[in-house]
Amino acid sequence: MDLTILYRGPLASCDYDCPYCPFAKRRDSREQLRADRAALERFTAWVAAQTGDRISVLFTPWGEGLVRSWYRRAIVELAGLAQVRRVAIQTNLSGRTRWLAEAPAAARERIALWCTYHPGQTPYERFLGRCAELRDLGVRHSVGIVGLDAHLEEARRLRAALADEVYLWVNAAEGHTYTDEEADRWTVIDPLFPYSRHPHRSAGLPCRTGESVISVDGEGTVRRCHFVRAELGNLYDGSYRRALRPRACPLAVCDCHIGYVHLETLPLYDVFAGGVLERVPATLPLSPAAATRSRGD
């Protein structure tokens, strides 16, 4: 079996207080943190036992995982397993990145980070410095920002500072409608922004979730994705396997990248070939400014 797993355990605490995030500055109790650690260790042990499968993992915690030692440890352990193609995590990059230097080189090649810059939550130079550390370590990563008007100049500044080969994505702000003029400004920064601008009609359309992609929570409950609540079984008793099959999406629309990237009606598996989990395109779409630099104009 070749399986992609989106794992989201109980962790819901974050060290940032972004106004557009419902989990901003939320604190988990010690009991909640212990439960999250135990759940993650159970999941890691399960993956280690699946020696006959090929597995890719994307951690999508509600909170910030990399400030917790058990997430850093799990990522390195999973990346060292022969059956793991890729292990990635969504992160605000608030924690130090030097722990990655301690991972064996072969394991680092399988680790990837999906990094989001939140202006006002972290010093710009600190975030940029950590992106440079990832590049120096050879760790695959993408960098992104939420497409709010207040973030536009910061996004332009970040795009100019990042190496051309680092993809800077822009997420459409939830509930925000973009005029063509506004969308054009963001598309200059992220040529793939049009995929994020509007929710994608998905009802009745084929999607890889529930067949080769699944969502798993801390209890091992398997669903086709984070956004469809119907259960397919449990990871740890193996009951989910009987439910894996091609299936159409039951929702009217899909408006989150970690969901619509798997729609078979979109070309995003080709666009992000080899980097679907970490949101790294196979061929980096150049912004006009980057294209000019590459030509030497």
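At what angle do helix α1 and helix α2 pack, and how far apart are their axes? This is a predicted model, in which local features need pLDDT of at least 70 and side-chain atom pairs count only at pLDDT 80 or more, while totals for chains, interfaces and linings use all residues. Residues are numbered from 1 along each chain as its sequence is written, and side-chain values use heavy atoms, with hydrogens and water left out.

Helix α1 (residues 30-49) and helix α2 (residues 69-79) pack at an angle of about 0 degrees, their axes lying 10 Å apart; axes are lines fitted to C-alpha atoms, for helices over the stretch in contact, and angles run from 0 to 180 degrees between N-to-C directions. Helices (H or I, at least four residues) and strands (E, at least two) are DSSP runs, numbered from the N terminus. The angle makes α1 roughly parallel to α2, a term used for angles under 35 degrees. The contact (heavy atoms within 4.5 Å) involves residues including L33, L40 and V47 of α1 and W70, A74 and L78 of α2.

Turning to the strands, 9 of them form an open sheet with mixed pairing, in the order β6-β5-β4-β3-β2-β1-β9-β10-β11, where two strands pair if DSSP finds at least two bridges between them. The edge strands, β6 (168-172) and β11 (228-234), each pair on one side only. Neighbouring strands of this sheet are turned by 30 degrees against each other on average, direction ignored. Within the sheet, β1 and strand β2 (residues 54-59) pair in the parallel sense over 6 bridges, and I5 stands opposite V57 in β2.

Key: Parallel < 35°, antiparallel > 145°, perpendicular 65-115°, else oblique.
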